[in-house]
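I opened this chain today to see how its parts sit together. My entries follow in the order in which I looked things up.

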Amino acid sequence: MPVGTHVEQTARYLRMLLARAGEYRARWAPGAGAGADGTDIDYTAVARVLAPTDDRQTPVDRQLTGTIQRALEGSSLDHAVLTRFVEAFALHPPHARRLAALLDGEPTVRAVSREPRSDAPLLDLTGARQYETLSLYESHLVGPDGLPAEHQTIQVIRSRVDQLVSLPYCSDTDDLVVEVVKGGVVGDTMYPVGDSLFAVDILLHRPLAKGHSTLLRYHSTFGYRQPPPPELRRGVLGRASDLTMWVRFHPDRLPRRVWRSRWDTIDESRVIDRELIELDDQLSVHHRFGVVERAVVGFSWEWD
């Protein structure tokens, strides 16, 4: 699946940032039309944010609205227009950096999505692993709308084969932006790995010899068309020697109850064991699972 042009990838990420609930949407949503919902973006309302301060009470310039529409739909977007978005919405530095990297075509960041009809074969994740995980840290932020907002993974792997060149990164959505901060670049193909899971390869900077280890750090932003199940789970098909997971909730969307959970399978799974836990003073839950082998663990919650 081709990832699309640099402009299309940048537009996809920019739409994700502006459409989801949070501070960016709050800047343009008050001026939106009555029909705008959680997935729509009102181009005229966005144009009011990008307009010069003195012009924001006057009718929006149609040329500016057209520029914004072309930018967000991925037909025309350059660095000058992108800078206007960054400054008008006060985009956080990591978001601005990823947008610029996407527009420049840097291989460390990709906005990937699966084609509606993909003939790519399913990846067999049940076979022998080519690597083992020495340590794994998962940090997950849930936004004010209850949807996953940001996710960061820090992983140390050790090769079990000569010349390990890549490893799959799995997600339960086929529309996401992945940035490899350290250790590799993002592949340009998304493929199914089950009935509800998808993967994109992380290509290591250099092949890893058998017995050698390396550290990977990668960040994800998800585009969900429908709300996902209220959970964060990590499937370990081989062995992870040290697994820690952390979920932080937005103060505007707190769960009624949270459980530390275990599931039966990695795909289309069901909870088979859970333990009730409490939020800490940072409105988060975390747990060091330690050694995990051939198991699916994490957190599940129930909304108030």
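**Entry 1: charges and rings.** I began with Arg253, whose charged end sits over the ring of Trp303, 4.1 Å from the ring centre. The term asks for NZ of Lys or CZ of Arg within 6 Å of the ring centre and within 35 degrees of the ring normal. I then found Arg274 with its charged end over the ring of Trp259, 3.8 Å from the centre.

I noted what I was working with. The model is predicted, so I kept in mind that local features need pLDDT of at least 70, that side-chain atom pairs count only at pLDDT 80 or more, and that totals for chains, interfaces and linings use all residues. Residues are numbered from 1 along each chain as its sequence is written, and side-chain values use heavy atoms, with hydrogens and water left out.

**Entry 2: aromatic pairs.** How many aromatic pairs does the structure hold? I found 7. Rings of Phe, Tyr and Trp (its six-membered ring) pair if their centres lie within 6.5 Å; planes under 30 degrees apart are stacked, over 60 edge-to-face, and the rest tilted. Phe249 and Trp303 have ring centres 6.1 Å apart and planes at 90 degrees, so I logged them as edge-to-face. Phe249 belongs to strand E9 (residues 231-249) and Trp303 to strand E12 (residues 284-303), so this pair ties together parts 54 residues apart in sequence. Strands (E, at least two residues) and helices (H or I, at least four) are DSSP runs, numbered from the N terminus. Ring pairs also bring in Trp301, giving a cluster of Phe249, Trp301 and Trp303.

Is Phe249 buried or exposed? I read a relative accessible area of 2%, so Phe249 is buried. Buried means under 20%, exposed over 50%, and partly exposed in between (1.4 Å probe, protein chains only).

**Entry 3: the sheet of 9 strands.** I traced an open sheet in the order E1-E5-E8-E3-E2-E9-E12-E10-E11, with mixed pairing. Two strands pair if DSSP finds at least two bridges between them. Strand E1 (109-113) and E11 are the edge strands, each pairing on one side only. The twist averages 20 degrees from one strand to the next. Axes here are lines fitted to C-alpha atoms, for helices over the stretch in contact, and angles run from 0 to 180 degrees between N-to-C directions.

Next I followed strand E10 (residues 255-263). It runs antiparallel to E12, joined by 8 bridges. It is also antiparallel to strand E11 (residues 271-277), with 6 bridges. Val258 has Trp301 as its bridge partner in E12. In E11, the partner of Val258 is Ile277. Helix H1 packs on the sheet, touching E1, strand E5 (175-182) and strand E8 (213-222), and its direction makes about 80 degrees with that of E1. Contact means heavy atoms within 4.5 Å.

**Entry 4: the sheet of 3 strands.** I found another open sheet, ordered E4-E7-E6 and paired antiparallel. E4 and strand E6 (184-192) stand at the edges with a single partner strand each, so one side of each has no neighbour in the sheet. E6 and strand E7 (residues 198-208) share 6 bridges. Val186 pairs with Ile202 in E7.

**Entry 5: Tyr169.** I placed Tyr169 in strand E4 (residues 164-171). Tyr169 is buried at 7% relative accessible area. The C-alpha atoms of Tyr169 and Val200 are 5.4 Å apart, while the two residues lie 31 places apart along the chain. The side chain of Tyr169 makes a polar contact with that of Ser220, at 2.6 Å. A polar contact is a pair of N or O atoms within 3.5 Å; within protein, one must be able to donate a hydrogen and the other to accept it, and residues adjacent in sequence count only if both atoms are side-chain atoms.

I also checked Ser166, in strand E4. Ser166 counts as buried at 19% relative accessibility.

**Entry 6: helix H3.** I turned to helix H3 (residues 43-50), where 6 of the 8 residues are buried, so the rest of the structure largely encloses it. The buried residues of H3 pack against helix H1 (6-19), helix H2 (23-28), helix H4 (62-73) and helix H5 (79-88). At the start of H3, a side-chain oxygen of Asp42 comes within 3.0 Å of the backbone nitrogen of Thr44.

**Entry 7: the chain.** Buried residues make up 47% of its 304 residues.
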